[in-house]
Structure formats: C-alpha cells, structure tokens
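Got your viewer open and a selection tool ready? Let's take a short walk, one stop at a time.

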Amino acid sequence: MKFSEKWLREWVNPAIGTDDLSEQLSMAGLEVDGVEDAAAEFTGVVVGEVVECGKHPEADKLQITKINVGEAGDGELIDIVCGAKNCRAGLKVAVAMVGAVLPGNFKIKKAKLRGQPSFGMLCSFSELGMADDSDGILELPTDAPIGKNVREYLNLDDKIIEIDLTPNRSDCLGIAGVAREVGVLNNIDVNTLDVQPVAATITDSVSIELVDPDACPKYLGRVIKGINLNATTPIWLAEKLRRSGIRSIDPVVDITNYVLIELGHPMHAFDLAKIEGGIKVRRATENEELVLLDENKVKLTKDTLVIADHQKPLAIAGVFGGLDSGVKSDTTDILLESAFFNPVVMAGTARSYGLHTDASHRYERGVDYELQHAAMERATALLVEIAGGEVGPIVEAVSEANLPEQTAIVLRRNRLDRVLGHVVSDEEVTTILSRLGLRVEFTGDSWKAISPSFRFDINIEEDLIEEVARVYGYNNIPNISPVATLSMPKRDESKLDRTTFAKSLVNLGYQEAITYSFVDPKVQEKLFPNAETLVLPHPISADMSVMRLSLWSGLLPTVVHNQNRQQSRVRLFETGLRFVPDQASEMNIKQEPMLSGVVTGSVMGESWSEKSRPVDFYDVKADVEALLAKCVSAQEFAFKPLPSDSKLANALHPGQSAEIYRNDKLIGHIGAVHPGIEKSLGLNGKTFVFELELNALINRKLPQAKAVSKFPSNRRDLAIVVKEEVNAGDVLKSIENIGENQLVDLNLFDVYRGDGIDDGYKSLALSLILQDVEKTLDELEINTKIDHVISMLTEQFGATLRD
C-alpha cells in the first residue's frame, strides 16, 4: 500500500524523520518496501492565470497566451506560446519562468516559436515529474494564489511510502490504521476523524435483503440524487489519491477510493436508474452471467456471492462491479454501498475469476465490521460537498448472529516472561494492549483482553505476546545467550532415516527433486483414473488444484520439463508425503511419507569406454534392491508381478511392473510407465518409476557378529525343471527357509529354455554352499541335506532333476 507521508502526519506526527519512521514501521512488522519523492525536483515554477489565449498566426496547433504571475513577473503579463488543447482564458496554471529548472535538468530559456516570443512554459503533470504522461497542462483551482511557488502550494516536498503488509494485518490497509500503529509505537495520541451524520433531505430509499447472512452479515445502502459528475475533484483529494497510486476519474469514484485509502474500507456506487426493485445479497446461480466494469463477461459459479436486484446480478460482492449498473457520465442518482463480507467466504473469489482489486484485497483479509456507518457518512459528506445532491436515509440490513464474535483472551505474566526472556513491566504491557485498541483488565498475574473489531489476527495468548514484543521493540529485548548442558542423545541403530536412502540414491547417480504436494488434476487422473482425491477449495492455479496420490504426479512432469531442455538422461528421486483420502482417519485423509524415483535415458552417461544402452527394468530393480539392502534383511523382501486388477494397472506397463512386499505386506511398486501414459504426458523414450513407503523401510535388522568357520565349505549344484509360471525367487526363499545355519550361500546362476526342456517349463541352475562352524561336513550329511532340499522342491513346486 502506498500513501503520502504528509497525509499520515495529518493524523499523527511523531518527532522523527522519514528514515526513522520507515525503520520503525518495518521493525513493527509493517515492512517498508520503498520511499520516493512525491514529485521530481524542479525550481522556478509558480501559479499563474491565463489572461488572454489566442491562436498562433503561423501554427494551427499553437496558442499565444498572456499570463499573470503577479510579483514573480514584476506585475507585468508575460507572453508564452502553448500547445495544450485545454489552455483557456481564466485558467490557473503552473508557469515555469525563464531560468526555471524542470526534472531532467531541463532549463527554461527565452525562445521564439514560429516567430512569436515565449518567456516560459505552461507545465503539465508529466513535465513536473508527477506522472508518466498527461493529456494537457495542469489545471489548478480557481482560488490558487497567483505567484505562489507551485511546490509549496501543492505540498510537493513530500514522500510516498510503500509498505508491504502480511495477510494478517488488514487493519493497516488504510491511513487510519497506519496512524493508529504509529501512535502506539511512539506512545502519542492520534487525531480522530470527526465524522458527523449527514441529515437526510429526501425520503428515497432502496430495500435490502440478506439472502445469505453468513456471507454478508451487514449491508448499508443510501440513495443520493442529483449529483454532478462533471464537478471537478479538488486538487487536494486528487493529489492524495495520486500519491497513493490511484488515478483521479470522477467525483464518485474518487471519493470511494479516498475513503478506501483513508479508512481502509471499500465502497461501491451503483447507478440508481439501473436497479430494478431492491437489493438482494445472495449466491449466484450456476452459469449466471455478468459483464464486469472492464467489459469482460464472466459466468458465475454457485459459490460466488453477488449483489443483485430483483432481476439480475449487479456486481461480484466485494470484488468488482458490473458494467450495466456502474456509474457513467450521465448518471445523476446513485446508491452508495457500505458492507461487511465474511473473509472466509471472500477468500479466493477474486482469484477464481482472474481478478485482484483493492476491495477484494481488503475483504479477503477482513474489514472492520463496525466501520460501515462511519465510511458511509464520510463518503456522503464528501460527495455532497464536491458533487452536490440530495441525500436519502441510510438503510441497514444486519444479522447480529452472523457478525464475528469478540472473544476474551488471557495473557499470563509467567508465560509472557518465559517466551520473551525479558520482563516488561505490568504498566507498560497494559498501556501497549490498551493503545492497540484492546479492552484490557489486569488482575495481578494475568491480563484479560478483548480484541477490537478491526483486528482479526488476535485470537490466542501467543498473539498478545507477539503484540507486546512488537510494540515494545525487538531491539529493546536484550540478547542473552541460552545456557544449556550437552548430552549425547540415544540413537537406535536399528532405525534408518531419510538421509540414508537419499545418499544411497545420490551415489547411484540420482538427483533429488522437490515438487509441489498439489498437482495437476489432469496428470493425476491419467495415472489414477477414477481415484478419489483431495481437491483444494482455493488453489493457487487450476493446474495445482489437487493433492497428490503419488509422488509420480510431480516427478513425471519434471522429467518432461528436463527432456524439453535437451536432457535425455534423467534420474530423479524425491521424498515427501502423499495424501490418500481415508474416511476412517481423524482428518479423513492419510498422509504417508514416500520415497519415489524416476529413470529414463541411457544406463550410463556418454563415454568412450562404455557402449551406450537404454535403461531397462532390471537396472531400476537393482537400484531398488540397493535401497532394500540397507535393511540388512533381503530375505524379507519380494518382487511379485503386478496383478491386472491393481490400482496402478493403468499407470504401469503390463509385464514390466511389479509389487514390492516386505513380509507379505505391500510396501511399494516398480515398473515401466504405461506407453499410453508416456505418450499423453509427452515423455520421450521409455521411462521407469518406483515408489516405496518410507515407514516400511526405517526398521533394519542389525548384523550379528559371529566367528568365521575354520572348516571347509562344500558346493553342490542342482539343475531342476519347473513350470514356467514358477517364480525363481519363491524357489530360493523356500530353500533358505530349510537350509538352517549350514546353508551359507545360495545362488541362481542359470535359467535355460530350449532343447531337452518341454514347452511351458524352464530349467533353474542353483548353487548351494554348505558349511558348519563346528565340524567338517561328511558326504552323508551333505547328501542328506541336498535330498531334503530336492524333496521340498518336488513337493512345493513339482520340480524334477534335470537329466
């Protein structure tokens, strides 16, 4: 928000300079983004009056004027040639005398224009550095004193301060709020605005109905007839608006904008002739249409709050007015609006239509719900003073039950001291809270405070502690280093953390990615069609509107992003939460930490010593097995083909995907992305993904040290024939289960299909290493163990020994 420093000092004038004031505001949480001059530097410009204005004999677009500048011209009229269309006799203007220096070090000298002498220049806003462009010369009020320095007359030795407010400080989105803050920080009184009720001179009014009182608990309307929109906005008001970054348009718009900046309360004016019946504050009907003031037509959603008459919508409540009901150049009768809208209802409304207005910015954050009458009376008084008109009575519709409740908050003395680490006296705490507008009662060891209607951010004890610290001054709290004793924490070696897996993947050539938890619903729908997802009520954008069911929803678009930038070999991993709807959980959603990865391109980077080949399923499976090996219990894990009815059947390639189990519990998936998904997402080349539940990996089996056997080991090879559908991993696991301590190594070293093997069967060649720690195994013991294995394989898998 921008504002004039002089305007602020009309309300409160601390005995500090601009720099100190800016520093004070920033340290109090109202960060000053910038300070600039209200006008560029210039000298020698005075107020003058156009006495004569005639056409130039040699140029159609030029005029010859005689200007009275009073004592600045020694009492004589001076000749100036001017090209402005709005130059006319009787006009008060800004005259740059000969010798004046304008912005950009432009010096005014005597000159001849088309043969006519010119002893100065009539200036526009832009030529005085007060605007980027302007249509004509600057028109000053008729009572401007001739000969007076323009800088002094317009108070241009001023600063424009711009502050960046956090969303919780909506109370400072007006000069009154900033002044209140400055008064508290400097412990000085703030001038109050004397708003007197404007007596009604006519009985005309418009009925108001709150159809949705929860969204709009209070709405005020007032009819004003016979206004003159051709009236000129006073220079003092236009200048205050300019220094607030707002362009002057017409008296009605200027006054509503002025009240917005002065009090922080948005207002709107409707053309009374366009209102059919009365006012209804209601929700829009689905696809109801409204043409906005910027001439864009929008289709309203059923959640949008609108201001309507008995036939049609007039405006999006608290956001933007409609074109048809807006004030136009021929408008003479208006309905002035002053309302309070529920911030929760307003949140996201403007953004959903691609809009952001000064009004929506304030209503989304919260407007003082006791300010509507004062804003209405202030705007009415200014309108009558500037544009005339007859005033009707204020019509108010209010639902007291739906207005925000003021809750009492208790601040404990010991809690305040403990959080601040410093003791602020009881009297100072009471003074700070009282000056902030809270109603305070001190009972000896605690304060009971009720927040004012303009502070929506004070709800709990910590909020009061923050206010005390902020106003007291963080710089006034001494720096005391904390004193603590150090002790080594206990660490459970059987627990693995995220970093262990991250380092392992980095060593395998992966790079860590961080993507948003909210993802594109179109991408997620392709990966998980018809899956239930958590939809954000107020998303940042349409392509970030649902919470991810898998980290793949963010990683796969990241691969596309990299491939579009000539990165053909991509290996990424990410750890983070996935959000799965679950009605049985307390929050109706499960947040599960996951570890995911994506691989595409070649196995190795380009090299003269290695032949390039594309990555395949087994390369990625090896990377996953390296992660699982961290758990030191490889036998607990198993890879099983992905069933056709799996929820990931649409996302992964059939025949090149698997489920990952730990002790028969599903903990993850691995596989190639389905070709259809690759094409629709724009992936270039075969892409492989994996995802594991982190909580299923954090427990590892600690290695147990034991003596190395002094006795020889014995190897026996078996070649067995089993059906094609028999999983070799199941065979190995069964042998391990009966091998006991004497089986020290087991390996599958060949798989054969071909001559000598029937169709539908395969041959598995296995090596078994047997060894005992206490004795040398004799041939009988070895054969007995091998026979036991063969019998088990025959019984469980129908295996036969290969001839």
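Start by selecting Glu31, Asp33, Glu162 and Asp164: together they form a negative surface patch. A patch here is made of residues with over 30% relative accessible area and no salt bridge, with like charges joined within 9 Å and nonpolar side chains (Val, Leu, Ile, Met, Phe, Trp, Tyr) joined within 5 Å. A salt bridge would be a side-chain nitrogen of Lys or Arg within 4 Å of a carboxyl oxygen of Asp or Glu. Asp and Glu count as negative, Lys and Arg as positive, while His and the chain ends are not counted. Each charge is placed at NZ of Lys, CZ of Arg, CG of Asp or CD of Glu, and accessible areas come from the Shrake-Rupley method with a 1.4 Å probe, with only the protein chains shown counting as cover for residues.

A quick note before you click on: this is a predicted model, where local features need pLDDT of at least 70 and side-chain atom pairs count only at pLDDT 80 or more, while totals for chains, interfaces and linings use all residues. Residues are numbered from 1 along each chain as its sequence is written, and side-chain values use heavy atoms, leaving out hydrogens and water.

Helices (H or I, at least four residues) and strands (E, at least two) are DSSP runs numbered from the N terminus. Zoom in on aspartate 164, which sits in E12.

Next, select strands E24 (residues 408-412) and E26 (residues 446-450), an antiparallel pair with five bridges. Strands pair if DSSP finds at least two bridges between them. Look for leucine 411, which faces tryptophan 447 in E26. Valine 440 has alanine 449 in E26 as its bridge partner. Three residues lie between the strands of the E25 and E26 hairpin, where glycine 444 has a positive phi near 115°.

Most residues other than glycine have a negative phi. Asparagine 287 has a positive one of about 70°, in the loop between E16 (279-283) and E17 (288-291). Glutamine 566 also has a positive phi, near 65°, and is exposed at 70% relative accessibility.

Methods: Buried < 20%, exposed > 50% of the residue type's maximum accessible area, 1.4 Å probe, protein only.
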